[in-house]
Structures are given as structure tokens and as C-alpha cells.
Amino acid sequence: ADNAVPAGRAAGSAPQAPDSRRPMLIAGDTTAEMVINRNIIVIQLKPGTGEKEIEALVSKYKLKVVDVVPSLGALYVELDGNDNDQRGARAASPRKPGDVRSLLEPPIVRLLRAEPSVNACFVQSTVGPQWLPRRSQARIRSGQKSVNWHWDTNKTDDGNWGLKAMRMPAAWTILARVRRARGAAQVAPVAILDTGFGKHNQLKFVNVASPLPATAGPINCATSHGTHVAGIIGANAGLAQGIDGILPKASLDLIPISKNLLLEGMVEGRQRSQLHLSYFADVIRDLAEYFDSFPLRGGERRVVNVSLAYNWGWVKTAGTSDPTTDQSIRNQIAQHANFVQYLVNREKEQVLFVAAAGNDSAGSEQPLSVELATPFGYAAQHKSSYFTPSENIIIVEAHDRWNRRASFSNVGGHVAAPGVEVMSTLASNETPYAVCSGTSQAAPHVAGLAAMM
């Protein structure tokens, strides 16, 4: 990347000049523009190299194969630490910026390049941005752990690890270039269909479909759910005191869910499974009324984030029927999906719906399919002789900082995004941030990126 936009400076303004005193190459320095890992060597073998030749090469140089890319004929090997010094593989890092050869061509690389079976060989390296956003002062306690907002690499205390995983500083650089080239660029609005909305000084709400209901009880990941989702999409750090979303300064529309049927059912004493299924009738109606209140203009594009699901986990715990086997529940899901699809297909040329996969699979031997987790999942993925999936819905699973599927995440989505220990905004001056996990946190990573694109 060239010059990523630092926090506190508007995208589209002139980039700051990189520090000319900073070394261009350094071994193991996580802030350098190129990071060299001389413990990992990439070897490309010549076509036709046999298994015995590979084994002989690995044995000769005491290499440990850590990855293989057959389509490229490539081996990623780790050097044996017992014999590295004599070959210069782990020599002391150079202290002067100009010592490039010792970084890029340690003796082991030169020896391997001379082998008859080797087509190419080089040390593993990564290229970083020339400029990163400034370190934020935002930090919170999450249990026994301190969670911070910073751009250091190889740390596990960062609540913005998802933005790093998605390489957002580089994306912000590209966005700034596009905006400069076009003059003024209109950002695609992102609408958030959710509960638990509230004000936060880093969020810009444009259209609100109905008055925000008062938040009852303590402010946390559940009661401030929509505000946390909104921060992941469009929080703006301002003067580097807060956090940034995927698309800072995004234009956010809010669609608060009315919960009328849910509240009426609680008064009447209906079963919890019935209440939860009724809840989505409100969801669908509120979404339709939003489009009636704020109709799309010709050529306008819009993204709608839907971080909602049936959450069958607690329904099953309550001793009610299993959605994977109860035909009446499956029928109800299909009926909700028909309603959803009618609305989604009506807007298919201008609106992309990004929906969470749901969090029902923790501890399950067989993770739940998204088709049964949410009517949006059913509408996006179910195929039969009488049902065709909608093309403008993306279902998002959650992964952790090591790119593993989150244990709670349902399966069958189109993509996965960061959804574990994500730091974002809460509707509280006393507790302005929290770390939350779920496919609810994964979906807005994709919604924000879609709006950027």
C-alpha cells in the first residue's frame, strides 16, 4: 500500500509523507515496510522433480516442511534451529538499513538456488503499508484482559484485529485515491436492521425509520446490539481518541425493530419458541416500512445489514422442539423466507442484504445450517423445484483471529468474516466500547466493505 489514511484525517485529503528516516528493510520488525522472516524459506521445484529428490533435499539441509502448494510446485520450509548458525540463517539482524543482502540472501538460500532440482528460492517476506493510522487511546477491560485499539502486528490484545485481517489501511488508501480521482464520491448508505440502538459521538445516523426505543437495564453487547454493529461499519475515530469502522464516516440508516408481536406475546404468556418465531413477522414488516419511508432513487445503491437470527440454542435449552426435525417449525421458517424473498427480490437491482449466519452451533457435533437459522439464510441458500435462492443476499459466518470457524457459527454461508472478540461502540458515555462476539459482528465487516465497493 502507499499511504494509508491515518485516523483523524479525512479520506481524500493529502496523504502524509512517510518518515524518510525509517528503515525500508529489517528482520523481524513488525513496524517496518517489509518484514523478512529468515526462518521460513520458499522453494519452487523444477517440473518433474520426484518424491525421492524432494526427500533428499529436505534431509540434506535439515528442513522442516510447513506448507505445500502443489499447483506452484512450492515448498514452505522452516529451518532446523540446531544448525542455523553455520549457514547464517539466523545471524544477528543488521543494524544498518542498507544491509540488504544478508536479509534477502542468507547462505542457505544461495546453496538451495544451486541445487539442480530447485527452480527458485527466497526468504519469506511480507510488505506492509508505508503509513498506518495513529495509535488510538481507546481501551477497555474484558474479563482479565486489556483490549486496545492499535495497529501493531503479532499482538492478541487488539480489538481491531479484524480490520488488520481485512487489510483495511491499504483499502482506505485505495478509497482515498478513487475519491480524489472522482472529485466528490457519494458513499452507499448502509441500513442496519436491529435492536439496541443508541447515540454515540463517533456514529452518524442519517435516516431513522422510527423513534429509538429507550434502552432498559445495563448497557452491554445484548442491550446495545445495534450500536455495536453500527460501530463496526461506520465509526469514525475523529482526533484519534476512538475507533474506526470499516468505512469511517459511513452514512447510516437505522431500522429499529418494533417487537410488537413479541411484547404482546409475553403479556399473553405464549411459549418462548412461538414468541421467537413471531418476532420475525415484526422484522419483515419494519424492513418493508423502511423502504416505503425512504424509497430508493434511480441508480442509488444501498446495503442492508441484518445481524439477526432465530437463535435456536436457547429455544432448545428451554426444552422445546428441535428446528432440524420439527416440521411445523421448518414450515414456519419457509413461510418467513417467502415474505423475506418477496421484499428482497423487489429491490434486487439496487440493494444488497448482508445477513448473519447465526450462533447456534457451539458444542454441536453437527453445526446448524444457515437455512434453518434465519429466514434470510433460507431465502439465500434453499433450493428446490419451487424455490430459487435470492441473488442479492450474502450470508456471513464468523471466524476468529486465526482464521478458524468460530465454534458458535452456523455453516453454509457464502463468506466468513471476523466475529470473535471484536471491539466496537456502545450507546453509553460511561462505557463507550465493548468486546462482543458473534456472527452479528461478522456481518457488518462485510456490509461495510460492500458499501465501500
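Is Asp400 buried or exposed? Select Asp400 to begin: this residue is buried, with a relative accessible area of 10%. Keep in mind throughout that the model is predicted.

**Stop 1: Asp400 and Arg404**

Arg404 has a relative accessibility of 48% and counts as partly exposed, whereas Asp400 is buried. Then select Asp158, Lys164 and Arg401. Salt bridges with shared partners join Asp158, Lys164 and Arg401 into one network.

**Stop 2**

The structure holds 13 salt bridges. One of them is formed by the side chains of Lys64 and Glu78, at 3.9 Å from N to O. Lys64 is in strand S3 (residues 63-69) and Glu78 is in strand S4 (residues 74-79), so this pair ties together parts 14 residues apart in sequence. Glu78 counts as partly exposed, at 28% relative accessibility.

Next, select Lys145 and Glu421. These two residues form a salt bridge whose closest N and O atoms are 3.5 Å apart. Here the parts tied together are 276 residues apart in sequence, because Lys145 lies in strand S7 (residues 145-148) and Glu421 in the loop between strand S14 (415-418) and strand S15 (422-425). Lys145 is partly exposed at 30% relative accessibility, and Glu421 is partly exposed with a relative accessible area of 35%.

**Stop 3: the disulfide**

Which residue does a disulfide join to Cys221? Select Cys436 along with Cys221: the disulfide joins these two, with an S to S distance of 2.0 Å. The pair links distant parts of the chain, 215 residues apart. Cys221 sits in the loop between strand S9 (205-208) and helix H6 (225-234), and Cys436 sits in strand S16 (residues 433-436). The disulfide is left-handed, because the torsion about the S-S bond is about -90°. Cys221 is partly exposed, with a relative accessible area of 28%, while Cys436 is buried, with 2%. The count for the structure comes to 1 disulfide. For another cysteine, select Cys121, which is buried with a relative accessible area of 3%.

**Stop 4: aromatic rings**

A pair of aromatic rings is described by the distance of the centres and the angle of the planes. The count of aromatic pairs in this structure comes to 5. Select Trp151 and Trp172 and show their side chains. Their ring centres are 6.0 Å apart and their planes are at 80°, so the pair is edge-to-face. An angle over 60 degrees is what places a pair in that class. Trp151 lies in the loop between S7 and helix H4 (161-165), and Trp172 lies in helix H5 (residues 168-182), so the pair ties together parts 21 residues apart in sequence. Trp151 counts as buried at 9% relative accessibility, and Trp172 counts as buried at 4%.

Now select Tyr290, Phe291, Phe294 and Phe353. Ring pairs link these four residues into a cluster.

**Stop 5: Arg285**

Finish in helix H8 (residues 272-293), where Arg285 is found. Arg285 counts as partly exposed, at 32% relative accessibility. How many Å in space lie between Arg285 and Ser258? The two are 9.2 Å apart in space, C-alpha to C-alpha, and 27 residues apart in sequence.

Key: Residues numbered from 1 in each chain as written. Predicted model: local features only at pLDDT ≥ 70, side-chain atom pairs only at ≥ 80, totals over all residues. Heavy atoms only, no water. Helix = DSSP H or I, 4+ residues; strand = E, 2+ residues; numbered from the N terminus. Buried < 20%, exposed > 50% of the residue type's maximum accessible area, 1.4 Å probe, protein only. Disulfide = S-S within 2.5 Å. Salt bridge = Lys/Arg side-chain N within 4 Å of Asp/Glu carboxyl O. Phe/Tyr/Trp six-rings, centres within 6.5 Å; stacked < 30°, edge-to-face > 60°.
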